[in-house]
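Biologist: Before we discuss this model, may I ask that the sequence and structure be shown?

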Amino acid sequence: MSAINKSAQQFLATIVSNKRVGQYHQIILQVGEIVAACKPGNFIAIAVGGDNSRMILRRAFAISRTSHTASFGGTLELIVAPHGSGSKWLCQQQEGVELDVVTPLGTAFGIPTEPVNALLVGGGYGSAPLFGLAEVLKSRGCRVDMLLGASTGQKIYAPMEGKRAVNSLRIYTEDGSVGERGRVTDPMWAMIEDGSVDVIYSCGPMAMLRAISDLVNDSDVVHQCAVEEAMACGIGICMTCVLPVKNENGSTSMLRSCIDGPVMDGSTVQWDLVGQIPEASQ
Amino acid sequence: MKEFDFGTNLGGAWFPAPIFTASGCASSGKELAQFFALKDIGAVVTKSVMTKPRYGRPTPRMAETPSGMLNSIGLQGPGIDSFLANDVPWLLEQKARVIVSIAGETVEEYSTLARKVRGISGISALEVNISCPNVENRGLVFACDPEASRRVIDGVRKTIGGEIPIIAKLTPDVTNLPSIASGVVDAGADGLALINTVLGMVINLETLRPHLGGKTGGLSGPAIRPVAVRAIYQVHEALPNTPILGMGGVSSGRDALELILAGASGVSVGTASFGSPTAIPTIQNELRDLLIAKGFNSLKQAVGYAHREVS
């Protein structure tokens with residue numbers, strides 16, 4: 001047996017709740033014992049559209065939180081934006097519907113062994129998995145600050161109970177409709193300079209991840225980012241979701257964001273080469 | 001009752017079951033091994049490998065289409081030396097049967113690759129992929145040119161001797177597929193892999209430009225299954241004694257049976273594994289049940305059955 005996808009299983013998961021939360025849907029899936037293997041940063045791949053669907057590929061969603069309850073056993077929470085035809089179909093599914101899922105997939109956020117100052121940065125609904133991460137970091141004695149950003153207030157995902165897991169939360173919107181007008185990167189340099197950040201965990205659009213990587217480039221801050229690249233399979237066999245990543249010897253490899261990610265070390269991603277091939281840029 | 005015989009033969013190589021991975025759709029097997037035992041399927045056909053490590057094409061590399069998808073990977077891979085040193089031994093340890101797929105930019109590169117494969121024991125067959133659509137120069141799609149196809153297969157045949165069966169992978173994107181097929185069989189191919197993906201394009205309505213980084217891509221999935229059935233039927237009709245490894249949009253046992261009835265002795269499953277990591281063993285079980293339900297005593301009885309006169 002190989003180490004790739006080593007905890008992953010394909011099975012039927014029942015929807016136990018599907019609620020609209022602002023522009024997003026909060027979907028809770030009953031998954032049983034496998035919940036113990038699901039870590040913040042991991043994702044789930046879900047077949048969409050039913051048996052005769054013309055959509056042949058699974059959709060990948062970040063696992064935003066896991067829990068274990070007496071009534072449902074192990075459950076996963078997903079925050080889904082109904083944008084494409086697959087996510088719209090998923091958001092229409094009612095309680096009791098069984099979904100064909102594969103999980104847990106991908107890398108997880110690294111959790112420090114010592115208490116550190118962690119800054120969690122989320123763009124849009126990319127904030128969803130950060131709340132589950134915040135709870136884990138808090139339980140390890142870390143200080144957890146959070147910055148959330150979006151184009152407009154309606155696209156900010158910040159549940160009440162999630163806010164309790166963080167020491168501070170600041171919201172930035174480009175139109176100023178909620179929180180401060182601006183971007184999440186605006187206050188970041190000052191925070192890094194005064195030494196109040198050891199690790200940044202980020203999840204959101206690639207442009208945001210790149211901007212954070214550029215900012216922390218000359219500092220000692222570790223940047224773990226959850227990348228987003230179009231995937232066909234989610235399990236490492238299709239080679240579509242690759243990103244250029246620098247190896248220790250200085251060479252570049254095209255790594256799969258499904259099995260070598262989604263969580264990657266931001267300092268190793270060759271952001272300027274995304275969408276190109278390394279040979280062509282030399 | 002006599003036991004049902006599910007085994008199949010491709011150019012002298014025997015396989016206990018007829019469902020295979022498709023080259024480029026299973027990497028080198030490690031990723032799928034979590035979901036089923038690789039030894040339980042017919043064979044693992046590995047991703048086409050070239051002489052040197054290769055980055056492939058820029059992203060985006062994928063677009064979903066109605067009942068299908070376009071891919072534009074461009075043969076990203078580790079290169080033949082790393083592949084033979086690391087991936088093949090691992091597959092053989094799993095007791096999987098291995099068909100190595102090779103791709104080259106020149107006739108000579110194919111021969112070089114064949115020479116390296118020849119030096120490794122335990123490989124069941126060699127797939128010579130002369131039809132990858134995702135190369136920079138469409139002129140490099142050897143299988144669009146009868147003479148170039150022949151020269152590649154001839155070079156590989158001479159290099160490899162009679163030790164390993166050669167399966168030539170062809171594209172349906174030609175005017176006269178049976179004539180290309182005849183040419184490569186005359187040049188020494190023991191079998192044919194039909195079909196590679198069909199060349200296509202998607203235009204992104206936000207950028208108003210081709211969506212894929214490589215502009216064009218290969219169409220796969222259920223959308224192309226009728227093209228595969230037609231191609232296999234035509235080639236089996238022209239070359240009834242040449243074994244065919246069929247592929248193209250198979251996602252169920254009934255789909256696999258269609259390709260077998262058209263003339264395929266084995267069936268590769270590619271894109272269906274992207275949608276479901278357990279697709280291959282599921283399809284294999286469905287096919288077995290279906291063949292028995294239709295009254296066949298063996299897989300071999302069903303191969304090319306659609307060509308028989310209705311009595």
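Biologist: Which residue in S12(A) is the bridge partner of Val121(A)?

Modeller: Strands and helices are DSSP runs numbered from the N terminus, with at least two residues (E) for a strand and at least four (H or I) for a helix. Strand S8 (residues 117-123) of chain A and strand S12 (residues 199-203) of chain A run parallel and are joined by five bridges; two strands count as paired when DSSP finds at least two bridges between them. Within S12(A), the residue bridged to Val121(A) is Ser202(A).

Biologist: What pLDDT do side-chain atom pairs need in this model?

Modeller: Residues are numbered from 1 along each chain as its sequence is written, while chains are lettered from A and ligands numbered from 1 in the order in which they are written. This is a predicted model in which totals for chains, interfaces and linings use all residues, local features need pLDDT of at least 70, and side-chain atom pairs count only at pLDDT 80 or more.

Biologist: Which are the edge strands of the seven-stranded sheet of chain A?

Modeller: The strand order in this open sheet is S11-S10-S9-S8-S12-S13-S16 (chain A), and the pairing is mixed. An edge strand pairs on one side only, and here the two are strand S11 (180-181) and strand S16 (263-265) of chain A.

Biologist: Which residue in S6(A) is the bridge partner of Arg65(A)?

Modeller: Strand S6 (residues 73-80) of chain A runs antiparallel to strand S2 (residues 24-30) of chain A, with six bridges between them, and Ile27(A) stands opposite Leu78(A) in S6(A). S6(A) also pairs in the antiparallel sense with strand S5 (residues 65-69) of chain A, over five bridges. A hairpin of three residues joins S5(A) to S6(A). In S6(A), Arg65(A) is bridged to Glu77(A).

Biologist: How far apart are the end C-alpha atoms of residues 8-111 of chain A?

Modeller: UniProt, in an unreviewed entry, places the feature "domain: FAD-binding FR-type" at these residues of chain A; such annotations may be inferred rather than shown by experiment. The span is 8% helix and 47% strand, and its end C-alpha atoms are separated by 21 Å.

Biologist: How do the residues of the side of domain 1 of chain A that touches domain 2 of chain A divide by class?

Modeller: Chain A is divided into domain 1 (9-105) and domain 2 (117-230), with bounds from an automatic or database domain assignment, and their C-alpha centres lie 24 Å apart. In contact are 12 residues of domain 1 and 12 residues of domain 2 of chain A, contact meaning C-beta atoms, placed from the backbone, within 7 Å. Nonpolar covers Ala, Val, Leu, Ile, Met, Phe, Trp, Tyr, Cys and Pro, charged covers Asp, Glu, Lys and Arg, and polar covers the others, Gly among them. The side of domain 1 of chain A that touches domain 2 has six nonpolar, five polar and one charged.

Biologist: By class, which residues make up the side of chain A that touches chain B?

Modeller: The contact involves 32 residues from chain A and 35 residues from chain B. The chain A side consists of 20 nonpolar, seven polar and five charged residues.

Biologist: Which residue in the turn of the hairpin of S5(B) and S6(B) has a positive phi?

Modeller: S5(B) and S6(B) are antiparallel and share four bridges, one pair of partners being Thr65(B) and Gly68(B). Two residues lie between the strands, and the one with a positive phi, about 55°, is Ser67(B).

Biologist: Are H5(B) and H6(B) roughly parallel or roughly antiparallel to each other?

Modeller: Helix H5 (residues 225-238) and helix H6 (residues 253-262) of chain B pack with axes 8 Å apart, at an angle of about 20°. Axes are lines fitted to C-alpha atoms, for helices over the stretch in contact, and angles run from 0 to 180 degrees between N-to-C directions. Angles under 35 degrees count as roughly parallel, over 145 as roughly antiparallel, 65 to 115 as roughly perpendicular and the rest as oblique. H5(B) and H6(B) are therefore roughly parallel.

Technical notes
Contact = placed C-beta atoms within 7 Å.
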